[in-house]
Amino acid sequence: MKIRIADIINDSIVDGPGLRLTVFVQGCPHKCRGCHNPGTHSLDGGKIMDTDEIAEIIKKNILLDGVTFSGGEPFLQSEALAKLAQDVKKMGLNVITYTGFLFEDLIKDKSKMPLLLASDYIIDGRFEQDKKSLELNFRGSSNQRIIDVKKSIAENKAIQTEL
Ligand code: SF4
């Protein structure tokens, strides 16, 4: 499946635990003040890649612990990223997805469910500049939550965790 991406970073240590490949997707509707990645907002910028092509890049990096989807807003491309996430998990790697949406919104929206179900963890919530902190692991502002997706779906409420 095709996805529109802004960039791929093959050796990230800031987007989750261990060494990760991070796919920065293109397109974001949230317009957070102080956004760290404004170049990813346009829905028609970036470039189109096939998820199989990205899976091949991931497979070649044998040092990876996991894959992170960031952006941009990954849930705008829920189905294609879910397909990539399933391939990633077959490789024994975990999947973390950043989103400006809240878990409570995602779980009510059928179009967002494929990627939610395919992610091990989501880090949710818009970036809020007045809650910005450099002390937080893998998050930009203190309103953002690291959520264990499997447990949260089982209990039908957001269950937070640490990574
Ligand atoms: S969700 Fe992320 S990419 Fe989108 S505007 Fe907010 S900080 Fe920027």
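Residues are numbered from 1 along each chain as its sequence is written, and side-chain values use heavy atoms, with hydrogens and water left out. In this predicted model, local features need pLDDT of at least 70 and side-chain atom pairs count only at pLDDT 80 or more, while totals for chains, interfaces and linings use all residues.

The description begins with the strands. Helices (H or I, at least four residues) and strands (E, at least two) are DSSP runs numbered from the N terminus, and two strands are paired if DSSP finds at least two bridges between them. Strand β1, residues 2–12, is joined by five bridges to strand β2, residues 20–25, and the two run antiparallel.

Another set of pairings involves β6, residues 121–124. Strand β5, residues 94–98, pairs with β6 in the parallel sense over three bridges, and T97 has its bridge partner in I122. Strand β7, residues 145–148, runs antiparallel to β6, to which four bridges join it. The bridge partner of I123 in β7 is I146.

The ligand sits in the largest pocket. A pocket is found on a 1 Å grid over the protein atoms alone, as an open set of points with protein on both sides within 12 Å along at least five of seven lines; a molecule sits in one if more than half of its atoms lie within 2 Å of its grid points. Around the ligand are C28, H30, K31, C32, C35, H36, T40, H41, G71, G72 and F127, where a residue counts as near if one of its heavy atoms lies within 4 Å. This shell has four nonpolar, six polar and one charged residues; Cys and Phe count as nonpolar, Lys as charged, and Gly as polar.

K31, in the loop between β2 and β3, has a positive phi of about 50° although it is not a glycine. The peptide bond from G71 to G72 is cis, with omega near 5°, and G72 is placed in the loop between β4 (66–70) and α2 (78–90).

K112 lies over the face of F101, at 4.8 Å from the ring centre; the criterion is NZ of Lys or CZ of Arg within 6 Å of the ring centre and within 35 degrees of the ring normal.

How values were computed: 1 Å grid on protein atoms, 1.4 Å probe; cavity = no way out; pocket = protein on both sides within 12 Å on 5 of 7 lines; lining within 4 Å.
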